[in-house]
Amino acid sequence: MKYDSELLCCLYLKLLFIFFFYSFEHGSVLTQSRELYKLSSRKSRAPFDMPAAEVQALYEQQGYLSALPILSPEELQSARDAFAELERKHGEDYTAYSLHNIHMEYEWARGLAKHPRLLQVVTAALGPDVILLDSRFICKYPVSNKQQNNDVIAYNQSGNSCEEKKEGSANEEKDSLPFVAWHQDMKYWGFDGGPVLSVWLALDDSLEDNGALQVIPGSHHSGLLPHHQSKRSGNMLSVNQEIPEELVETEKAVLCPLLAGQMSIHDGLLVHASDPNTSSRRRCGYVLRYVPTCTYPIQDPERPRTFPATLLVNGVDKYNHFSKQNSTL
Ligand SMILES: O=C(O)CCC(=O)C(=O)O
């Protein structure tokens, strides 16, 4: 009997120990992720007060930072005015995606690429010697009134049931609205020897309804994923690339809403995408790619993008890997 109760007591203590061990472990994981969340949202909003090493560690861990205030109201206004001038000159069909590497042509665009606050974050993540690899405006316009009117005329002339046609045409229209499929930037960029960091600098508020950027935190740790041709129409990516649905952990997706003048940054291996603009507001961003000077261009038919518009934006370039194209404008 005594033996039995000693055994039971021992078992009870063991169970108690296991219970405390697991709840401690589990609890600390929960607390840690809660803290991490708090830390990331607080710190990613104010990286300017943080030591560079902390910014770098957070960026390295998450693969992105968001809602970083860059432009003053005056700087934002002058960038928006300059962009409006290009819209007048080229038309919206062109400015949606075809303003490529205009930092070579326009001082104001170069000024954005070299903005001191932007470079403070970029250099914290990549180190002091940084090259601008490429830049592009990506603009999703709202579905225009003109387009909506045309649809109304088309269905009125068809003589079909108004309701059916209206619904069908609205769905078709939504299905083919410009969007950006899940992808990794590195997939098509022909260079090696270091990371690429993408900046998304908002000229407009970029929110859920007008198609803000979405990211899968930590996905940059999984390496390069296979991409295929997207079957959905409207993909803004130049070669229509897309990561197969089953490889994207969409349940982990995080929206990166930005106010005009703020930026997000993401690693070239981070899986990201954006939905169509279903609002009545434009969503325009300047997307800039930066690399440390130690990277070098490679010949790889799988990653055919070349770099005709590189620019040393900070520090020194002791390698000159991009020197044939490099400029010091
Ligand atoms: O502008 C977007 O919606 C997508 C941008 C993007 O894919 C990128 O910044 O790499």
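Reader: Which strands make up the open sheet, and in what order?

Author: Six strands form an open sheet in the order E1-E10-E5-E12-E2-E14, with antiparallel pairing. Strands (E, at least two residues) and helices (H or I, at least four) are DSSP runs numbered from the N terminus, and two strands pair if DSSP finds at least two bridges between them. At the edges, strand E1 (64-69) and strand E14 (311-314) each pair on one side only. On average, neighbouring strands of this sheet are turned by 30° against each other, direction ignored; the axes are lines fitted to C-alpha atoms, and angles run from 0 to 180 degrees between N-to-C directions.

Before we go on, a word on the source. This is a predicted model, where local features need pLDDT of at least 70 and side-chain atom pairs count only at pLDDT 80 or more, while totals for chains, interfaces and linings use all residues. Residues are numbered from 1 along each chain as its sequence is written.

Reader: Thanks! How many bridges join E2 to E12?

Author: The antiparallel strands E2 and E12 are joined by 10 bridges, and Phe137 stands opposite Tyr286 in E12. With E14, strand E2 pairs over three bridges, also in the antiparallel sense; here Ile131 stands opposite Leu312.

Reader: Is strand E2 mostly covered or uncovered?

Author: A residue is buried if 20 or more other C-beta atoms, placed from the backbone, lie within 10 Å of its own. Strand E2 (residues 130-140) is mostly covered, with 10 of its 11 residues buried. Over the chain, buried residues make up 34% of the 329 residues.

Reader: Which residues touch the most other members of the largest nonpolar core?

Author: In soluble globular proteins, nonpolar side chains tend to be buried together. A nonpolar core is a set of buried Ala, Val, Leu, Ile, Met, Phe, Trp, Tyr and Cys residues joined through C-beta atoms within 7 Å. In the largest one, with 65 residues, they are Val122, Ile131, Leu201, Met263 and Tyr290.

Reader: And what surrounds the ligand?

Author: Look for residues whose C-beta atom, placed from the backbone, lies within 6 Å of the molecule. Here they are Ile138, Val180, Asp185, Ser198, Trp200, Leu213, His272, Ser274, Gly285 and Val287. Strand E5 (197-202), strand E11 (272-274) and strand E12 (283-292) each supply at least two residues of this shell. Trp200 has Val287 in E12 as its bridge partner, and six bridges join the antiparallel strands E5 and E12.

Key:
Buried ≥ 20, exposed ≤ 12 C-beta atoms within 10 Å, placed from the backbone.
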